[in-house]
Amino acid sequence: RTKASSKPTTKTKPTTTTAKTADISSSIISNKISAVFSVIGLLVTVLLLLLTQSSNNRFVARAVWEAPLLTQDECTDIIHRSNEAAQKNYHKFIEVQQQQQQQQ
């Protein structure tokens, strides 16, 4: 009696180096494509979260927010100083014009 081997014998085809190279290159390409799609998905998700979950978007975009930067006295002082500077510049301009007319 002969014992039959428990391992089935299968014939495998020997793979060539070009087939191995093609498999490797296709797996590299598929890895790159999946990485690109992953990054695109991440960017789209972040953009959607920023647009929908941002607390700044909960108010009307055309609303006007007013905050007093200067007190009434400070504003009055600035206006008074600018009026004085404008009057000085006007008087200097008039003097220069009169001097030019006298020289001619």
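Helices (H or I, at least four residues) and strands (E, at least two) are taken as DSSP runs and numbered from the N terminus. This is a predicted model, in which local features need pLDDT of at least 70, side-chain atom pairs count only at pLDDT 80 or more, and totals for chains, interfaces and linings use all residues. Residues are numbered from 1 along each chain as its sequence is written, and side-chain values use heavy atoms, with hydrogens and water left out.

Of its 104 residues, 0% count as buried; buried means under 20% relative accessible area, exposed over 50%, and partly exposed in between (1.4 Å probe, protein chains only). The chain exposes about 10,800 Å², of which carbon and sulfur atoms supply 60%.

Next, select helix α1, residues 17-53, and locate Val44 within it. Val44 is partly exposed, at 42% relative accessible area.

Then select Arg81 and Asp77. Which interaction do Arg81 and Asp77 form? They form a salt bridge, with the closest N and O atoms 3.3 Å apart; the term denotes a side-chain nitrogen of Lys or Arg within 4 Å of a carboxyl oxygen of Asp or Glu. Both residues lie in helix α2 (residues 72-103), and because they are 4 residues apart, about one helical turn separates them. Arg81 is exposed at 56% relative accessibility, whereas Asp77 is partly exposed at 34%. A search of the whole structure finds 1 salt bridge.

Notes. Accessible areas come from the Shrake-Rupley method with a 1.4 Å probe; for residues, only the protein chains shown count as cover.
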